[in-house]
Amino acid sequence: MFEILYPQIYVKSLLEIPLDKLKELKINTFILDLDNTITEWNRREVRQEIAEWFENIKGQGFKACILSNNGEQRVLVVARSLGIPYLHRAQKPRRRAFFQALSLMESQAAETAVIGDQIFTDVLGGNRAGLYTILVVPLDKREFPGTKISRCMEYFVLRRLRRKLVVGRRE
């Protein structure tokens, strides 16, 4: 019953994503959440190490796209700074936006991973769309008030998930 809420990988940050393992799985495309995955909530600045991570993945041939439930203005600023495409007002966890991101990047579901910090938007939406899912620990404790409510429910899912996962590796 909870399987649709479980990611394939759970890591502390983007920097700990096992790129070599993903290459072995023939994954070459990332659909990424914005808030508390790429940037802290409601910020336009990207940390230096995150910007460098994006340069690294692009240099290795990975494609990336931001998929956010936010309005366009801030998503656009971050996407431009990273040199990647974006989709805003995505209405995650609805599948439609995930499929739009696949189309935008001319990618297939089997070669795409969704990366985000929320179970009920990023992981659930990615799993519903048949994509590989990676959950990251949020960058910051500050977040949208509605997200705080979701975090209360996530607590119970994470408790079950931790029994099944070793951080960074699914059993």
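User: Where is Thr39 in this model?

Analyst: In this predicted model, Thr39 sits in the loop between strand E2 (29-32) and helix H2 (48-59).

User: Why is Thr39 called buried?

Analyst: Check the number against the cut-off. Buried means under 20% relative accessible area. Thr39 has 0%, so Thr39 counts as buried.

User: What is Thr39 in contact with, leaving aside its neighbours within four places in sequence?

Analyst: Here's the list: Leu34, Glu45, Val46, Arg74, Val78 and Leu139. What makes each of these a contact is heavy atoms within 4.5 Å.

User: Is Asn36 buried or exposed?

Analyst: Buried: its relative accessible area is 2%, and the cut-off is under 20%.

User: What about Gln91? Why is Gln91 called partly exposed?

Analyst: Partly exposed is the range between buried, under 20%, and exposed, over 50%. Gln91 comes out at 47%, so the label is partly exposed. Gln91 is in the loop between E4 and H4, and has a positive phi of about 60 degrees although it isn't a glycine.

User: And the peptide bond from Lys92 to Pro93, cis or trans?

Analyst: That one is cis, with omega near 20 degrees. For background, most peptide bonds are trans. Pro93 lies in the loop between strand E4 (86-87) and helix H4 (95-104).

Note on methods. Residues numbered from 1 in each chain as written. Predicted model: local features only at pLDDT ≥ 70, side-chain atom pairs only at ≥ 80, totals over all residues. Heavy atoms only, no water. Helix = DSSP H or I, 4+ residues; strand = E, 2+ residues; numbered from the N terminus. Buried < 20%, exposed > 50% of the residue type's maximum accessible area, 1.4 Å probe, protein only.
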